[in-house]
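Please look over the chain first, then read the notes by topic.

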Amino acid sequence: MKKRVKLLKTINLLLLSFLVIQLLAPANMVQAKKSKSKNYWPKLSEEITAGAAILMDVDTGAVLYKKNIDKPYYPASITKILTTLIAVENSTMDEVVTFSQDAIYKTEGSGIARDVGEVMTMEQCLYAVMLESANECAYAVAEHISGSLEEFVKLMNQKAKSLGCKSSHFTNPHGLPDEKHYLSAKDMAVIARTAYENETFRLICGTKKYTIPPTNKHSEPTYLVNHHKMLYPKDTAAYLYDYCTGGKTGYTNAAGNTLVTYAQKDGMTLVAVILNGTSPQYWKETRALLDFGFENFNLCNVSEYFGSDENVEEQKYDTLNTNDPYAQIDPQARIILPKTVNFSKASMEISYENLPDQVLAQLIYTYGKRPVGTANIVRTHTLIDKEEGASGQNNDAAQEQSADESSTAEADSQTDKEKTETKESQDKDPDKAGQANQSEGADSKNKEPGFLEKIKNIDMIGKIKNFDIHDVVSNISNWFANIKLELSPQILIIAGGIVLGIVLIIVFRVLYDKSYLIRQKMANYRNRKRARKQYTIIRDTRRTRRGKWRKR
């Protein structure tokens, strides 16, 4: 008895626990859904000790991580990214650059020891600027592009303003200390992203080694190596990053360590900017930022997701117009989202302001009030050309039709006039009337008879005075030869099926009539079928004590 009581208590306790779990489970599920329904955005687990940092997707311009991105800092030598961008946009690589006295004596710090009056190509100067961070080369490039340092500085500030930079100001092309020379991490990322879109810049900043041949002042070649340790192991291989594609380093006492790094993986290109960092932390923090971006975010092609919409498919095919669309979403347009977020969670707005050429509108995507990319709706010109061609053809066809109608009207009027004159002449002269009838008969004979006329001609064969069976047969064969039968594969298959069915029916009928065994089996089958209809199966269904139904 005691064992039974303990067993019942145990069962009751288990049932009570089960009920508690069931009551609490929905609440937990609701809380989980609420947390997921919020605009989830990954967080960087590691701490960034630099004064400012930003991680930006190059394709979309979306900011994946930010820290003090609008606060101004001294940039040091990463200023040379803007200098190189302006140079490649305003010169050719084979232009000759001559080093002035100011370029040599008004610069200090890193350089490649050029002399006054030395001559190098623009390409050689820019490789020295980006790889060895040569200050005298940056100065010489500025003077070559704008004629003076001051004019080039104006060009730098104009370029930055046109890109939307709001927390930046430049006073020189090399980044040497100046209280009025500063920028923010966000502005630097915008400049770096724009520069990376230039193919020449990408080639230069991603080069590990470069050799300048002898010049008019140096009889030996000058060897350059990239100072970015995530791209090239200048002093150590500890900071190499497999996905690094280029960048620029910078350092002054006032600015600290600054770094711009490009990296590409699985079709995604990221740029990381560190301002006011410390060594060697800024290398590790840059790696952490890039790993964070590649592991937590994914690019989505807008045209593919937009084209998968059922409404779009219905609009595309629910029409008689088979022409290509007048406009389409740029096939290369992409937005970036966390890997756990579906494309449908992004919000979209249409903008018609500040549109480039050939762009009808712009789709601006956001996720949780964060810009994640844009997609341009561009003209295809296909429909325009077809409309013009169709309108031209329609105009030509209309002109031809109007010409045909006018000519037909003139011909009808002339015919009516001729008929009237002929009738009058027939009334006056009966002989001419007979000749006219004979000429009409000749004209009718010259006309090719139609299908019905051919049948009438066959029916009239028996009324020919000089009856000849050979003529009749030849006429009939010619009539059948003139008929063109267009037999499609479908018609042939249907006709073959009908013929096969008729043949099987005939064969079965013949076998049935001649085979006693078949007739006997058919009779037995009919008898069994008739017998089954005479009896019914009665089932006794009585309800048992347990509330179930039992069949007997």
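Predicted model: local features only at pLDDT ≥ 70, side-chain atom pairs only at ≥ 80, totals over all residues.

Residues are numbered from 1 along each chain as its sequence is written, and side-chain values use heavy atoms, with hydrogens and water left out.

**Whole chain**

- The chain has 17 helices and 17 strands. Both are DSSP runs numbered from the N terminus: helices are H or I with at least four residues, strands are E with at least two.
- Of the 552 residues, 33% count as buried. Buried means under 20% relative accessible area, exposed means over 50%, and partly exposed lies in between (1.4 Å probe, protein chains only).
- The accessible surface is about 36,400 Å². Carbon and sulfur atoms hold 52% of that surface. Areas come from the Shrake-Rupley method with a 1.4 Å probe; for residues, only the protein chains shown count as cover.
- Take the contacts between residues at least 6 apart in sequence: 60% of them join residues at least 24 apart. Contact means heavy atoms within 4.5 Å.

**Helix α5**

- Helix α5 covers residues 135–146. Its twelve residues should span 16 Å at 1.5 Å a residue, and the end C-alpha atoms are 17 Å apart, which agrees. The expected span is 1.5 Å times one less than the number of residues.
- Nine of the twelve residues of α5 are buried, so the helix is largely enclosed by the rest of the structure.
- The buried residues of α5 include Cys137, Tyr139 and Val141, along with Asn135, Glu136 and Glu143.
- These buried residues pack against α2, β3 (96–98), α3 (101–105), α4 (122–131) and α6.
- Gly147 follows α5 and has a positive phi, near 95°.

**Ile86 in α2**

- Ile86 sits in helix α2. Ile86 is buried, at 2% relative accessible area.
- Ile86 and Val141 are 55 residues apart in sequence. Their C-alpha atoms are 9.8 Å apart in space.
- Leaving aside residues up to four places away in sequence, Ile86 touches Phe152, Leu155, Met156 and Lys159.

**Salt bridges**

- A salt bridge here is a side-chain nitrogen of Lys or Arg within 4 Å of a carboxyl oxygen of Asp or Glu. By this rule there are seven.
- Lys159 and Glu89 form a salt bridge through their side chains (3.2 Å, N to O). The pair links distant parts of the chain, 70 residues apart: Lys159 is in helix α6 (residues 149–162), Glu89 in helix α2 (residues 80–89).
- Lys159 is buried at 19% relative accessible area, while Glu89 is partly exposed at 39%.
- Glu118 and Arg114 form a salt bridge at 2.9 Å, N to O. Glu118 is buried at 0% relative accessible area, and Arg114 is buried at 5%.
- Lys154 pairs with Glu151 in a salt bridge, with the closest N and O atoms 3.6 Å apart. Because they are three residues apart in helix α6, about one helical turn separates them. An α-helix has 3.6 residues a turn, so residues three or four places apart point the same way.
- Lys154 is partly exposed, at 48% relative accessible area. Glu151 is partly exposed, at 40%.

**Asn376 in β15**

- Asn376 lies in strand β15 (residues 370–379).
- The side chains of Asn376 and Gln362 make a polar contact of 3.0 Å. A polar contact is a pair of N or O atoms within 3.5 Å; within protein, one must be able to donate a hydrogen and the other to accept it, and residues adjacent in sequence count only if both atoms are side-chain atoms.
- Not counting residues up to four places away in sequence, Asn376 touches Gln328, Ile329, Asp330, Val359, Ala361 and Gln362.

**Nonpolar surface patch**

- Ile494, Ile498, Ile502, Ile506 and Val510 make a nonpolar surface patch of about 460 Å². Patches take residues with over 30% relative accessible area and no salt bridge; like charges are joined within 9 Å, nonpolar side chains (Val, Leu, Ile, Met, Phe, Trp, Tyr) within 5 Å.
- Val510 belongs to helix α16 (residues 489–514). Val510 is partly exposed, with 38% relative accessible area.
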